[in-house]
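Dear colleague,

I am handing over the structure below, and after it I set out what was found. Please read the notes with the model open beside them.

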Amino acid sequence: MGKLRDPDCNPLQARAETVLTDYAARAQAASGPRGRKPRRRLSGRNIMIYGTLFVVSVYYLLPLWVMVVTSLKGMPEIRLGNIFAPPVEITFEPWVKAWAEACTGLNCDGLSRGFWNSVRITVPSALVSIFIASVNGYALANWRFRGGEAFFTILIFGAFIPYQVMLYPMVILLREAGLYGSLTGLIVVHTVFGMPIVTLLFRNYFTSLPEELFKAARVDGAGFWGIYFRVMLPMSLPIFTVAMIIQITGIWNDFLFGTVFTRPNLYPMTVQLNNIVNSVQGVKEYNVNMAATLLTGLVPLAIYFASGKLFVRGIAAGAVKG
Amino acid sequence: MQPSIAIRDLTLAFGAVEVLHDLNLEVGQGEFLVLLGSSGCGKSTLLNCIAGLLDITDGQIFIQGKNVTWEEPSRRGIGMVFQSYALYPQMTVEGNLSFGLKNAGLPRAEIAARVARAARILQIEPLLKRKPAALSGGQRQRVAIGRALVRDVDVFLFDEPLSNLDAKLRADLRVEIKQLHQQLENTMIYVTHDQVEAMTLADRIAIMKGGSIMQLGSPKEIYNRPANRYVAEFIGSPTMNMIEGNLDMQITPSFSAEGMSVPLQTYAFGSDAASGPAVFGIRPEHVEAGEGAEAMPVRLDAAVDLVEPLGSDTLVRARAGDRNLWARMPGQPDLRPRQPLRLGFDPARAHLFRLSDDTRL
Amino acid sequence: MRAEAAATGRGATSPPPSAAPPRRLLRNLTAKIAAIPMVLTALVVFLGGTVWTVVYSFTSSRMLPRAEFVGLEQYDRLWSTRRWVISIENLAIYGLCSLVFSLVIGFVLAALLDQKIRYENAFRTILLYPFALSFIVTGLVWQWILDPEFGLQSIIRGLGFENFTFDPLYNPDIAIFGILIAGLWQGTGLIMILMLAGLRGIDGEIWKASRVDGIPAWKTYLFIIVPMMRPVFITALVLITSGIVKLYDLVVAQTGGGPGIATEVPAKYVYDYMFGGQNLGQGFAASTMMLLAVAIVVIPWAMLEFGGKRRG
């Protein structure tokens with residue numbers, strides 16, 4: 001059909017046959033389908049696709065919804081009602097209580113303590129680990145010294161070793177260095193265990209930059225740090241953002257290192273949250289618990305929604321080897 | 001006069017793989033040398049060794065009489081232009097030009113003067129405040145050349161500088177590079193895989209293959225007297241016609257292959273020519289077809305097999321017996337497949353190679 | 001060759017021989033100094049720490065590490081401890097289900113998102129957001145949703161199904177599935193994103209070719225696309241597996257290992273014995289077993305992935 005409608009598409013045939021054929025083709029074109037293919041908006045296929053995605057989305061959103069509505073209800077309403085129902089009477093009491101009054105052990109100053117601890121842990125840990133890992137990646141990608149690849153391979157394998165295997169040796173190392181239980185010690189831990197993934201990220205990025213740029217800078221007489229700060233860094237802002245996202249969410253969400261390597265006064269938010277919610281004493285205040293949970297999830301969620309595609313790029317970069 | 005660049009017994013190996021073997025090369029003052037070869041032949045590797053961007057395994061490199069074998073790239077007195085331009089994207093054109101000079105700690109006034117001079121020579125003065133992203137391909141390459149120019153050095157290294165440009169721009173910039181060389185009179189080493197660039201630019205061409213230099217000579221020498229079969233087939237388009245057969249030096253030298261015999265009295269043999277299996281080569285542009293063939297010492301009957309009209313002239317693949325021969329015919333002859341065609345050539349313009357080692361006879 | 005002839009011809013004027021030979025160690029010294037943290041991490045923590053733990057798993061260490069070797073005694077004890085055996089069973093069930101469901105759901109969702117649909121970004125954002133949350137938050141939310149008194153069970157009963165029972169967190173037989181639900185909710189988004197990237201990486205002309213050949217879409221997916229995405233599947237498999245073995249925070253937050261010891265997992269066993277039970281030897285032996293489990297998956301993968309194409 002399609003061919004007949006447009007005889008010009010085959011010049012040989014058009015030349016060989018007469019105008020009559022052209023006429024016939026036009027007549028046929030007038031009766032056959034023509035123009036844009038009609039599109040049915042509600043085809044069975046579309047209903048299936050959008051229907052499935054919609055149901056799955058509801059399932060994924062449900063926990064967030066439950067957290068929000070529960071945290072805005074009073075305890076009487078929770079005891080009587082349905083956990084999925086929106087609050088009849090909105091109260092911010094649970095949020096205030098979770099932030100400023102909830103008890104962990106003897107301290108009753110709420111999650112705010114954990115929040116500030118997490119900030120104090122996350123900011124320096126992210127900065128230090130990213131700086132060190134980016135220099136590693138740069139040295140590996142551009143300077144290619146002897147043995148570099150061997151160390152890097154060990155590092156990547158290290159990413160798969162269960163932390164539990166290295167936990168105790170790390171405790172010993174930190175204790176010997178006098179850092180066990182301190183903030184500095186935890187920064188070291190996050191730098192060490194974050195190193196494989198972030199180094200990989202930077203190595204792959206710097207390898208993807210044209211090597212001739214590095215060569216040109218060497219001919220121009222720039223040294224190791226000169227090239228890093230003057231040539232590489234200004235070109236790498238996106239990848240630094242990606243690394244920031246990975247590290248901040250990762251460190252913020254950490255629980256294991258927080259319990260093993262710090263003392264109670266330095267517990268990060270996740271550890272404190274778990275202690276508040278899963279403490280056995282007293283009456284369970286579900287609304288306060290959910291407010292606390294939501295508060296803890298707020299920082300990574302904010303980063304997630306603000307960063308959008310970069311977050312996706314970050315986890316994809318971390319997951320797919322180069 | 002001492003050579004501008006001298007390379008002695010240079011060897012480069014990555015692990016067990018030898019990329020350059022025992023290479024020797026001298027480049028004269030102000031010479032334009034082109035390293036030509038297909039990809040993977042080691043030409044760019046050699047250039048990187050000269051620049052100091054690759055650590056060599058063995059041998060020595062001298063630039064202006066100074067042993068720079070272990071010297072940092074920036075202290076070798078070279079400027080380098082890359083295929084991908086390699087401009088620093090976050091710096092302006094001015095910043096790109098002055099980066100090396102700042103690293104060398106030159107006084108500000110001196111830097112400004114040199115940048116101004118390079119910009120004037122390359123006619124990029126209006127672009128100085130722009131970022132590379134805002135430049136066209138040709139402008140970027142000019143800035144890249146400028147970056148070598150400001151260094152005020154005796155040796156320029158070009159690593160396939162025109163490969164990323166389209167055909168028209170490539171031809172324009174080729175002319176500009178040639179003019180620049182005539183103006184500056186400094187030594188230039190130019191790596192390319194494009195034989196037209198090599199033929200048009202070079203004082204001497206070094207044809208490389210598998211990490212060795214196959215032939216080093218002027219473009220004319222390389223074209224007229226290729227030292228071996230590889231060089232003969234590499235230079236010239238379409239490729240030289242090659243016929244395998246036997247060379248007989250007994251009474252009068254002649255070459256014979258199935259269905260043909262070519263007398264070779266007029267051929268300029270080398271000193272070590274001897275009878276034996278050989279390859280006979282003749283360039284398509286030296287094969288006359290049609291009427292012109294009758295005037296040639298050697299003639300044969302063939303039939304048109306394939307025609308490639310190029311406009312200015314026409315390439316014909318003709319079938320003679322069971323072998324194909326390419327001929328280049330002037331103008332636009334009217335030829336149809338299977339039509340009979342007379343071919344002819346002058347054995348004086350032919351090339352003979354020994355079959356066993358491919359060297360010229 | 002001519003080049004050599006030229007060189008030897010002018011041999012007399014050749015410049016003086018090379019200066020001092022290079023000192024290999026000192027070349028690119030700054031780069032080497034800058035890499036010291038990486039070298040220390042790789043050698044001391046990752047390699048040294050692992051070897052240390054494996055070695056000390058053969059000792060009788062209790063409160064403090066003690067180099068008194070007792071052979072496989074710790075492993076004998078480990079495998080005759082009911083809590084460890086249950087931990088391993090749980091991990092096997094969780095791991096297998098998590099692997100199968102993550103891969104299948106992840107792939108199906110990615111395929112759905114890849115149909116040039118509207119609002120793709122919105123759907124993707126929704127499916128991935130749980131991945132940004134910590135396991136603690138995930139565990140606590142699902143603990144609340146699965147609460148038999150207020151959560152899902154009570155609501156469905158309220159709808160008239162009086163005998164409906166779904167209390168995974170309080171029923172030891174199915175408690176591990178309660179954790180699985182939460183784990184899948186948190187982690188499937190990541191697999192979906194990987195699969196989506198894999199699907200996008202496939203040459204569009206494959207689709208054109210299969211359309212011209214008249215192959216139905218589901219067949220194209222099953223017999224052409226999935227085999228082409230083998231590397232993505234393998235990467236996902238390795239990621240999921242290494243995540244499964246590390247499973248810890250989620251259990252701590254959601255069930256604390258309970259009811260009883262119904263949801264204990266190896267990582268929790270290690271932590272409890274190392275830092276709670278003052279029985280280091282057991283902790284070392286258990287963590288070595290975890291290492292072994294990961295090695296069984298990762299080493300063949302690494303050989304497959306990097307073994308074939310090792311080059312400079």
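In what follows, contact means heavy atoms within 4.5 Å. This is a predicted model, in which local features need pLDDT of at least 70 and side-chain atom pairs count only at pLDDT 80 or more, while totals for chains, interfaces and linings use all residues. Residues are numbered from 1 along each chain as its sequence is written, chains are lettered from A and ligands numbered from 1 in the order in which they are written, and side-chain values use heavy atoms, with hydrogens and water left out.

Chain C

With contact taken in that sense, residues 24 or more positions apart account for 66% of the contacts in chain C with a separation of 6 or more. The chain has 15 helices and 0 strands, where helices (H or I, at least four residues) and strands (E, at least two) are DSSP runs numbered from the N terminus. Of its 312 residues, 50% count as buried, a word used here for under 20% relative accessible area, with exposed for over 50% and partly exposed in between (1.4 Å probe, protein chains only). The accessible surface of chain C comes to about 14900 Å², and 66% of that belongs to carbon and sulfur atoms; such areas come from the Shrake-Rupley method with a 1.4 Å probe, and for residues only the protein chains shown count as cover.

The unreviewed UniProt entry annotates several spans of chain C as "transmembrane region", including residues 125-145 and 284-304; positions are given in the numbering used here, feature names are shortened, and annotations may be inferred rather than shown by experiment. In the model, residues 125-145 of chain C are 90% helix and 0% strand, with end C-alpha atoms 22 Å apart. Residues 284-304 of chain C are 100% helix and 0% strand, and there the end C-alpha atoms lie 30 Å apart.

Chain B

Chain B comes to 8 helices and 20 strands, and its C-alpha trace spans about 75 × 45 × 40 Å along its principal axes. Of its 361 residues, 52% count as buried, and its accessible surface of about 15500 Å² is 48% carbon and sulfur.

Strand S3 (residues 32-36) of chain B is mostly covered, with 5 of its 5 residues buried. In a regular strand the side chains alternate between the two faces of the sheet. S3(B) pairs in the parallel sense with strand S8 (residues 187-192) of chain B over 5 bridges, two strands being paired if DSSP finds at least two bridges between them; in S8(B), B:Tyr190 is the bridge partner of B:Val34. Strand S9 (residues 204-209) of chain B also runs parallel to S3(B), joined to it by 4 bridges, and there B:Ile207 stands opposite B:Leu36.

Is B:Thr266 buried or exposed? B:Thr266 is exposed, with a relative accessible area of 52%, and is found in the loop between strand S13 (260-263) and strand S14 (276-282) of chain B. Leaving aside neighbours within four places in sequence, B:Thr266 is in contact with B:Asp346, B:Pro347 and B:Ala348.

Chain A

Helix H11 (residues 211-219) of chain A is mostly covered, with 8 of its 9 residues buried, among them A:Leu213, A:Phe214 and A:Arg218. After H11(A) comes A:Gly221, whose phi is positive, near 85°.

With best wishes
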